[in-house]
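User: I would like to go through this model with you. Could we begin with how a helix bend is defined?
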Amino acid sequence: MTPYECGEIPVGSAWSNFNVRFYVVSLVFIIFDVEGALMFPVAAVFKKFNEIGEGGVLLGSLLLFIVVLVMGVVYCWKKGDLDWVRSFQVSEEELARQQEG
Amino acid sequence: MNETIVSYLSQFESSEKLIASINQGLGFDATGIVVFVTFFIAAFIMVNLLAAVGGLGTYAERKISADIQMRQGPNRVGPYGILQFLADGVKMILKEDVIPAASDKVLFTLAPLLAIIGVFSTIAVLPWSSGLTLTNLNMGVVYLIGVGSLVGVAVFLGGYSSNSKWSMLGGMRGASQIISYEVPVTLSVIAIVLMSGGLSFNTLVESQGGWPHQWYVLHNPFTFIGFFVFFIGMLAETNRAPFDLPEAESELVSGYHTEYTGMRFAFFALAEYVEVFVLCAICASLFLGGYKVPLDLGTGKLFIEKMGVPAVIGKNVGQFLQLGSIVTKTIILYYVVIWVRWTLPRLRVDQLMTLCWKYLTPIALFNLIGVAIWMYAFEGHSVWELLASLGGGHGGGHH
């Protein structure tokens, strides 16, 4: 019997340790979900503000908000949290550094 | 002000007369009770109709898949096998209800109920016509996204409580997939809300027009992409192929509902098919003009004023035209969903996550920014209106 996908051992109770990737995904999701909830009110009044010529204020705040968010995505992406299969192989430079230290 | 189907019915004289006669018969003011009973009956009919639609969905799925694979499909029960879903339902009820001994029994029984509740609560805000809406909640979109998330909880609970490795894997995959794809879907919905300036479904639909060029999908390039983002996210949220990893039969037997039998399994299956139908209807209302009919036929003004039809008949004919409009769009989308299922191969779990987080979410964010800038720069005019004002040269086209 070999361990199944996500490192699951086929025999025994299903309530055991599980792949941490699912946990990371749900953490990233919470950020985006809260952000979606916060953007709904702005989106709902955008048209009215636009009609009285105040749309620029909302557009600016929306853009600022999204830019902060995009920075978060870029950070997650760089850290590799968006990759499902993460490479744990250490690069040669890092290996050399570790051996030195 | 929340409009309901009751407020639509109460504009006709006959309903006033009915309430008056009931009041007279009972001897006290029973308007509240009558309204409640009317609303209850309407909700009851809607829920049962949707359940029947879910059943017919399984039939359509099998018949269309048979057609695509050049088979016959179900053809024994009833004419063209159309009663197959009733036979399946009877079989499901008669099956033994097995609850695994090692499972978490409370959660195991709760999960299918949550799936059913989550899906059937969404029909409360679906706009089938301008009158036939159970309730036009003034933040219907937020309600819908919130209630729709219950299905994700149900999938995860079903997988977790079964205490089986296959169920556990299926439930985990299902939960992560559903919450992941909720992000691009929500972002493309926000873009539509931004354009229509309201959160209720009637506002969203009424701000579009009857002709295809007045629909939001063809409003500007960003919403055109947004439509496809929404559609792909919709497929993934309902666990449809090519995103049916939670129930990938070649590796997980049946995924999160492996351990379910009888009626509980039927609840999961029914919830899935009804959810596909509901999401197709939502997609039609958000992007494809919903219940709007060309030439403003939906309000019945043309019949009443030009053709001299009585107001009661004219208005109701308009309602039926609107109903036909949205149901046609929904069924076409439903067909596309089934077609996609039998055309594309299943994705791998890492491809699934890459598609969501590295493609759809950035595209949806880009779309949202694009729509906001478009609304600000062109004051909400669509591409066609701008082209008309450019070409015609008489300023603002037909506006």
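Analyst: The bend at a residue is the angle between two fitted axes, one for the seven residues ending there and one for the seven starting there. Please note that the model is a predicted one.

User: Where does α15(B) bend, and by how much?
Analyst: The bend is at B:L360 and amounts to about 30°. A proline, B:P362, follows within four residues.

User: What end-to-end span should helix α15 of chain B have?
Analyst: Helix α15 covers residues 349-378 of chain B, and its 30 residues, at 1.5 Å a residue, should span 44 Å. Its end C-alpha atoms are 41 Å apart, which agrees with that expectation.

User: Which residue follows α15(B)?
Analyst: That residue is B:E379, and its phi is positive, near 50°.

User: Turning to the interface, how much area do chain B and chain A bury between them?
Analyst: They bury about 3900 Å², of which 76% is on carbon and sulfur atoms. Of the area that chain B buries against chain A, B:K165, B:W357 and B:K358 supply 19%, more than any other three residues.

User: How many residues are in contact, and how many salt bridges cross the interface?
Analyst: In chain B, 48 residues are in contact with 43 residues of chain A.

User: Which residues form the nonpolar patch on the surface?
Analyst: Among them are B:L26, B:F28, B:I33 and B:L49, and the patch has about 1000 Å² of accessible area together. Helix α3 of chain B, residues 31-68, gives the largest share, 8 residues, while B:L26 lies in helix α2, residues 13-26 of chain B.

Methods
Residues numbered from 1 in each chain as written. Chains lettered and ligands numbered in written order. Predicted model: local features only at pLDDT ≥ 70, side-chain atom pairs only at ≥ 80, totals over all residues. Heavy atoms only, no water. Patch = residues over 30% accessible without salt bridge, like charges linked within 9 Å, V, L, I, M, F, W, Y side chains within 5 Å. Areas by Shrake-Rupley, 256 points an atom, 1.4 Å probe, with all protein chains shown as cover. Salt bridge = Lys/Arg side-chain N within 4 Å of Asp/Glu carboxyl O. Helix = DSSP H or I, 4+ residues; strand = E, 2+ residues; numbered from the N terminus. Expected span 1.5 Å × (residues − 1). Contact = heavy atoms within 4.5 Å. Buried area = accessible area lost by both parts, 1.4 Å probe.
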